[in-house]
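User: Could you go through this model with me? I'd like to know what sits between its parts.
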Amino acid sequence: MPTTPAPAAASRLDVMNFLNEIAGDNPQALSFASGRPAEAFFGAQEYMQRIPEFVRHLQGRLGGSFDDTFKQLAQYGRTNGIINELISIQTLRDEGVASEAGHVIVTAGCQEAMDLCVTTLCREPDDVLLVRSPTYIGITGVADINGIEIVHFSCAAADSVADALTAAIRGARQRGKRPRALYLVPDFDNPTGTVLSRAEREAIIAISAAEGVVVLEDNPYGMFRYEGTSEPRMASLDAHGCVVYLGTYAKTLCPALRVGFMIVPPTLFGDAAAAKAFIGAVSQAKSFVTVNTSQIAQAVVGGVLLAEDLSLARRIVPAIAFYRHNRDAMVQALQAEFGADAGISWNEPQGGFFLVLSLPFAFGRAEAEICTRDHGVIVMPLSFFALDDGESHRVRLAFSNSDPQRIREGVARLGRFVHGRLRGG
Ligand SMILES: Cc1ncc(COP(=O)(O)O)c(C=O)c1O
């Protein structure tokens, strides 16, 4: 049952409003705040053309006239989706995640997949969701609006993610809680840009399997790797039936489609009936929330997937080059602006949309406001994503929906604020 959020939850839930408001009040400000994909790669004419192509594909399978097939597409449809098979093949080709089409559920964006998983898994008052801190606010928001307790662990103090996770599970059990799900973004994490190593992934799977915790592996950014070698997806390493894989076409195609998906493993902890029961419960819940994911939007995605021979790897090559260029511009601008400053550092992610800047002073909501109002640059304090107070000095910078010139200017503006503060201003 949704409850009135606790004060901490209420403040987490307020982050999006805050950002919209400062962006609205300061339209001249350059923004590194949101991980929006670059609009240059939205196929304006193309997406529309994919709908009739997909209808013709359906027509080939079902028979009947083009008009009748379109009318079926425009009707209410199957709760779990109509492009499950195409997604199943694409995720195998692009991500190495094998699945049965019947275990793919097409959702209204990844956000709905997160909501359905968390609310289906955490039904009892003692059920808790495990997250790393900091983490993506989309997942904490789901738990908060549904009154589900979040147990967080930070990796800063512990030796490893596995140790921190084990301690969090033990601590929760000692309080009579039942950890049911663990949410992770193993590839180019939002907000930190970090990647879990293969050894960390394997250790997390082993712990989760032993503890009966379902891992929700969220992977919107994994295909956006700019150099280096990919780690295997956790779902592809999972031999226990404990990883549910979450995906989206928001970054590879465009967010407005609102098409995402979840892939349920063949068994849940070795139990095939439990996996089927989970799919049934998710599907039942979805049938009362979004009824089905827009079939027109699924037709666009399905049409693109068919046109791309069921792999998006080649299609996103120009986007990868664009984002890499932006990442390089941001790293160079940070080096030029802060390279000589003691106590300022940043990571250089090999992919994804974000990096994190560490500062020698606290940077929270008030500093974000001053930066926007007085210096014309919007950044996200990492404390907005944190569940403890360990992130007071770090800031997330998104470089995805920008260009090198705006990145240089934005970093110079941020530099004026930071250097002013360092001089005691
Ligand atoms: C980690 C993560 N998961 C999920 C999403 C949202 O995906 P969708 O737009 O498909 O709901 C985002 C969007 O920024 C994200 O960063």
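User: How many salt bridges are there between domain 1 and domain 2?
Analyst: The count between domain 1 and domain 2 is one salt bridge, meaning a side-chain nitrogen of Lys or Arg within 4 Å of a carboxyl oxygen of Asp or Glu. Please keep in mind that this is a predicted model, in which local features need pLDDT of at least 70 and side-chain atom pairs count only at pLDDT 80 or more, while totals for chains, interfaces and linings use all residues. Residues are numbered from 1 along each chain as its sequence is written, and side-chain values use heavy atoms, with hydrogens and water left out.

User: Which side chains meet in a salt bridge at 2.8 Å?
Analyst: Those of Glu227 and Arg327, with 2.8 Å from N to O.

User: And where do the domains run?
Analyst: The domain assignment, whose bounds come from an automatic or database source, gives 7-40 + 316-422 as domain 1 and 47-307 as domain 2. Their C-alpha centres lie 27 Å apart, and the contact (heavy atoms within 4.5 Å) takes 31 residues from domain 1 and 31 residues from domain 2.

User: What about area, how much is buried between them?
Analyst: About 2,600 Å² is buried between domain 1 and domain 2, with carbon and sulfur atoms giving 64% of that; buried area is the accessible area (1.4 Å probe) that two parts lose on being put together, summed over both.

User: Which three residues of domain 1 supply more of its buried area than any other three?
Analyst: Gln350, Phe385 and Leu387, which supply 25% of the area that domain 1 buries against domain 2.
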